[in-house]
Amino acid sequence: WSAGGNIAAVVAQMARDAGGPEIAGQVLITPVTDHDFSRPSYQENADGYVLTTGLMTWFWDHYADAAERSDPRASPIEGDLGNLPPAVVFTAQFDPLRDEGAAYVEALTAAGNEARHVPMRGQLHTSVSMVDILISAVDERAEVAAALRELLGEPVTAS
């Protein structure tokens with residue numbers, strides 16, 4: 001989720017480059033995949049939805065110097081995206097990161113990977129993690145669990 005999605009995407013690339021360990025798949029929930037703030041979701045969702053453009057600026061300023069932000073270890077969309085494990089990427093409608101998550105799916109697909117985008121209509125950056133607080137994300141949490149089961153080769157059953 002979020003910065004953890006960034007780390008997971010980077011680890012998938014690093015594991016591929018190192019010859020292992022084998023990664024079964026990537027389930028990325030509202031991930032940070034790029035340092036580009038010019039996407040429309042950064043303007044549309046700049047304020048008022050928990051994660052703000054100002055907070056993302058603060059996070060990036062504490063995470064990496066401007067010159068390092070295009071490094072694939074910070075912005076995985078900038079890396080070699082070929083031959084990566086399957087990915088399911090969840091994005092939230094009211095999230096500055098929405099468009100970079102969608103762009104990551106497009107880039108993964110263009111590089112020949114199996115990748116699926118799950119846009120979570122009406123949701124915030126933190127919706128999936130707000131168990132027993134935000135009832136509207138129940139279906140999305142179930143879909144995250146189903147994606148994990150699918151990528152791990154377990155049968156998916158109705159809940």
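**The sheet and what sits on it**

Reply: Three strands make an open sheet in the order 1-2-3, with parallel pairing. Strands here are DSSP runs of E with at least two residues, helices are runs of H or I with at least four, and both are numbered from the N terminus. Two strands pair if DSSP finds at least two bridges between them. It's a predicted model, where local features need pLDDT of at least 70, side-chain atom pairs count only at pLDDT 80 or more, and totals for chains, interfaces and linings use all residues. Residues are numbered from 1 along each chain as its sequence is written, and side-chain values use heavy atoms, with hydrogens and water left out.

Me: Which are the edge strands?

Reply: Strand 1 (26–29) and strand 3 (115–124), each of which pairs on one side only. From one strand to the next, the twist averages 15°. Angles run from 0 to 180 degrees between N-to-C directions, with axes as lines fitted to C-alpha atoms, for helices over the stretch in contact.

Me: How many bridges join strand 2 to strand 3?

Reply: Seven, with strand 2 covering residues 87–94 and running parallel to strand 3. A87 is opposite A115 in strand 3. Strand 1 and strand 2 also run parallel, joined by four bridges, and there I29 faces F90 of strand 2.

Me: And what's the handedness of the β-α-β crossover?

Reply: Right-handed: the chain goes from strand 2 through helix 4 to strand 3. That label applies if, with the strands pointing away from the viewer, the path from the first strand over the helix to the second runs clockwise.

Me: Which strands does helix 4 touch?

Reply: Helix 4 (residues 98–110) packs on the sheet and touches strand 1, strand 2 and strand 3, and its direction makes about 155° with that of strand 2. Contact means heavy atoms within 4.5 Å. Helix 5 (residues 138–151) lies across strand 1, strand 2 and strand 3 too, running at about 165° to strand 3.

Me: Stay on helix 4. Which of its residues are buried?

Reply: R98, D99, E100, G101, A102, A103, Y104, V105 and L108. Buried is under 20% relative accessible area, exposed is over 50%, and partly exposed is in between (1.4 Å probe, protein chains only). The buried residues of helix 4 pack against helix 1, strand 1, helix 2, strand 2 and strand 3.

Me: What's its span from first C-alpha to last?

Reply: Helix 4 reaches 19 Å over 13 residues, close to the 18 Å expected at 1.5 Å a residue. The expected span is 1.5 Å times one less than the number of residues. After helix 4 comes G112, with a positive phi near 95°.

Me: How much of strand 2 is buried?

Reply: Six of its eight residues, so strand 2 is mostly covered.

Me: Switching to N45. Buried or exposed?

Reply: N45 is buried, with a relative accessible area of 2%. It's in the loop between helix 2 (40–44) and helix 3. Leaving aside neighbours within four places in sequence, N45 is in contact with L51, T52, Q93, F94, D95, P96 and R98.

Me: Last topic: how many aromatic pairs?

Reply: Four. Rings of Phe, Tyr and Trp (its six-membered ring) pair if their centres lie within 6.5 Å; planes under 30 degrees apart are stacked, over 60 edge-to-face, and the rest tilted.

Me: Why is the F37 and Y42 pair called stacked?

Reply: Because their planes are at 25°, with the ring centres 4.4 Å apart. F37 is partly exposed at 22% relative accessible area, whereas Y42 is buried at 1%. Y49 and F94 are stacked as well, 4.9 Å centre to centre with 20° between the planes.

Me: Where do Y49 and F94 sit in the chain?

Reply: Y49 is in the loop between helix 2 and helix 3 and F94 is in strand 2, 45 residues apart, so the pair links distant parts of the chain. Y49 is partly exposed at 27% relative accessibility, and F94 is partly exposed with a relative accessible area of 25%.
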